[in-house]
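Subject: Structure for you to look at

Dear colleague,

I would be glad if you read the notes with the model open.

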Amino acid sequence: MIVTAASFRAFRIKRKAEGAIVEFYSLMADAVSYWERKRIIYNAVLALLVIACWGIDIISSGPQQWLGAAMVLLIFAVIANALYCFAYPVDLAIQMTSFRKRWQGCRWMLFTTGVCTASVLAVWIMLRPGMG
């Protein structure tokens with residue numbers, strides 16, 4: 001096989017593309033590792049808020065209302081976890097910049113902001129008339 005300048009450039013471009021894909025997978029693995037561990041805390045905080053706001057109402061309503069309450073809670077849990085996924089694009093976008101090392105020490109700020117926002121939104125929804 002004869003190696004020409006064009007084939008060598010094509011090989012170099014292909015290697016760069018493969019390197020970019022490997023780099024993206026590395027960043028994604030880092031993001032998943034960080035955010036999925038934090039998801040447990042996020043769900044625990046929201047579960048405590050649900051218990052604080054609705055716990056007594058759900059228990060005192062009796063078994064006939066538990067299925068309806070469980071369905072509402074399931075829908076809210078799915079929505080809350082879908083909204084949690086908004087951290088991924090933000091994290092990946094910042095990791096692809098030159099601020100990557102500094103960002104890895106500051107991710108907690110995004111997590112805390114997200115938990116506080118979700119908590120305020122959850123309490124606001126749960127304390128609305130007709131929800132309790």
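The largest nonpolar core has 17 residues, and those with the most contacts inside it are Ala31, Trp35, Tyr42, Leu46, Tyr84 and Phe111; a nonpolar core is here a set of buried Ala, Val, Leu, Ile, Met, Phe, Trp, Tyr and Cys residues joined through side-chain atoms within 4.5 Å. Two or more residues of this core come from each of α1, α2 (63-84), α3 and α5 (107-126), and α1 gives the largest share, 7 residues. In soluble globular proteins, nonpolar side chains tend to be buried together.

Please keep in mind that this is a predicted model, in which local features need pLDDT of at least 70 and side-chain atom pairs count only at pLDDT 80 or more, whereas totals for chains, interfaces and linings use all residues. Residues are numbered from 1 along each chain as its sequence is written, and side-chain values use heavy atoms, with hydrogens and water left out.

As for the fold, the protein chain holds 5 helices and 0 strands, where helices (H or I, at least four residues) and strands (E, at least two) are DSSP runs numbered from the N terminus. Of the 132 residues in the chain, 20% are buried, a word that stands for under 20% relative accessible area, with exposed meaning over 50% and partly exposed what lies in between (1.4 Å probe, protein chains only). Among the contacts with a separation of 6 or more, 76% are between residues 24 or more positions apart, contact meaning heavy atoms within 4.5 Å.

The aromatic residues deserve a paragraph of their own. Rings of Phe, Tyr and Trp (its six-membered ring) pair if their centres lie within 6.5 Å, with planes under 30 degrees apart called stacked, over 60 edge-to-face and the rest tilted, and by this rule the count comes to 6 aromatic pairs. Phe24 and Tyr25 form a tilted pair, 6.5 Å centre to centre with 50° between the planes; Phe24 is partly exposed at a relative accessible area of 34%, and Tyr25 is exposed at 56%. Trp35 and Tyr84 form an edge-to-face pair, at 6.2 Å centre to centre and 75° between the planes, and this pair links distant parts of the chain, Trp35 in helix α1 and Tyr84 in helix α2, 49 residues apart. Trp35 is buried at 1% relative accessibility, and Tyr84 is buried with a relative accessible area of 6%. One aromatic cluster is formed by Tyr34, Trp35, Tyr42, Tyr84 and Phe111.

Asp91, in helix α3 (residues 87-95), counts as buried because its relative accessible area is 0%, and a polar contact of 2.4 Å joins its side chain to that of Trp103. Asp30 and Asp91 are 61 residues apart in sequence and 9.8 Å apart in space, C-alpha to C-alpha.

With best regards

Terms used:
A polar contact is a pair of N or O atoms within 3.5 Å; within protein, one must be able to donate a hydrogen and the other to accept it, and residues adjacent in sequence count only if both atoms are side-chain atoms.
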